Amino acid sequence: MSVYDITFSPTGGTKRVSDLFTDAFCGQGSHIDLTDRGMDFSALSFRQEDICIVAVPSYGGRVPAAAASRLARMKGNGARAVLIVAYGNRAYEGTFAELQDVLENAGFSCTAAAAVAEHSIMRQYAAGRPDAEDGKELAAFAASVRAKLDSPSRQTPPALPGNRIRFSWFMCFWFVCIFFDIYTSFLLRTWGIYNTCNRNGV
């Protein structure tokens, strides 16, 4: 079994959170930097017995697009994933649900999740986070996750909060109707201007 610390942390705040958890969980893990543009993420393939600690910030209540894209290229092969979200003073909204969907679609098995306040854009908000109290909570969470993963009982995916945006034929029909309405309105206005110009001899 190998432990991987997979982090998207442009400003370093999310990595501090991930490091606290990883240190309490296993002492040290192999770090994978999701901000590394030169890495071939499609070449990363994990084993079922591996544990992947996946930490991302919440940007506007969503997973950063670059992080989601790079995680989606990996081959989970049933590896167990622990989800960590660092967020600011606003709620993390759909970040957990979106991250779970991305990981499960890539073949990971999501087992646990935690959120820690740490604003990654405006540093004056949630300043000093993660603090000592966060460290204690992350250590306790790491211990509970470790006990869960070591348990022989069947593990079920966590029910994570957040709205999921799903494509459907209804959505497709809805977008077509909106486009058709805008297009026909444009044609009618154009035809009306054309007729007015003709009547006025323009």
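Ile-6 stands opposite Ile-32 in strand β2 of this predicted model.

Strand β1 covers residues 3-7. It pairs with two other strands. Four bridges join β1 to β2, which spans residues 30-33, and the two run parallel. On β3, residues 51-57, the pairing with β1 is also in the parallel sense, over five bridges. There, Asp-5 stands opposite Ile-53. β1 is mostly covered, with five of its five residues buried. Val-3, Asp-5 and Thr-7 point one way from the strand. Tyr-4 and Ile-6 point the other way. Residues of both sets are buried.

Helix α3 comprises residues 95-105. Eight of its eleven residues are buried, so the helix is largely enclosed by the rest of the structure. The buried set consists of Thr-95, Phe-96, Ala-97, Glu-98, Leu-99, Gln-100, Val-102 and Leu-103. Phe-96 has a relative accessible area of 4% and is therefore buried, the cut-off being under 20%. Its C-alpha atom lies 8.3 Å from that of Ile-84, a residue twelve positions away along the chain. After α3 comes Gly-107, which has a positive phi, near 100°.

Helix α2, residues 65-72, packs against α3 at an angle of about 25°, and the axes are 8 Å apart. The two helices are therefore roughly parallel, as the angle is under 35 degrees. From α2, the contact involves Ala-68, Leu-71 and Ala-72. From α3, Leu-99, Val-102 and Leu-103 take part. By class, the contact has six nonpolar residues, with no polar and no charged ones. Leu-99, Val-102 and Leu-103 also belong to the buried set of α3.

The chain as a whole contains five helices and five strands. Along the sequence, these elements follow the pattern β-α-β-β-α-β-α-β-α-α. The chain has 202 residues, of which 38% count as buried. Among contacts with a separation of 6 or more, 82% are between residues 24 or more positions apart.

Notes
Residues numbered from 1 in each chain as written. Predicted model: local features only at pLDDT ≥ 70, side-chain atom pairs only at ≥ 80, totals over all residues. Heavy atoms only, no water. Buried < 20%, exposed > 50% of the residue type's maximum accessible area, 1.4 Å probe, protein only. Contact = heavy atoms within 4.5 Å. Axes fitted to C-alpha atoms, helices over the stretch in contact; angles between N-to-C directions. Parallel < 35°, antiparallel > 145°, perpendicular 65-115°, else oblique. Nonpolar A, V, L, I, M, F, W, Y, C, P; charged D, E, K, R; others polar. Pairing = 2+ DSSP bridges.
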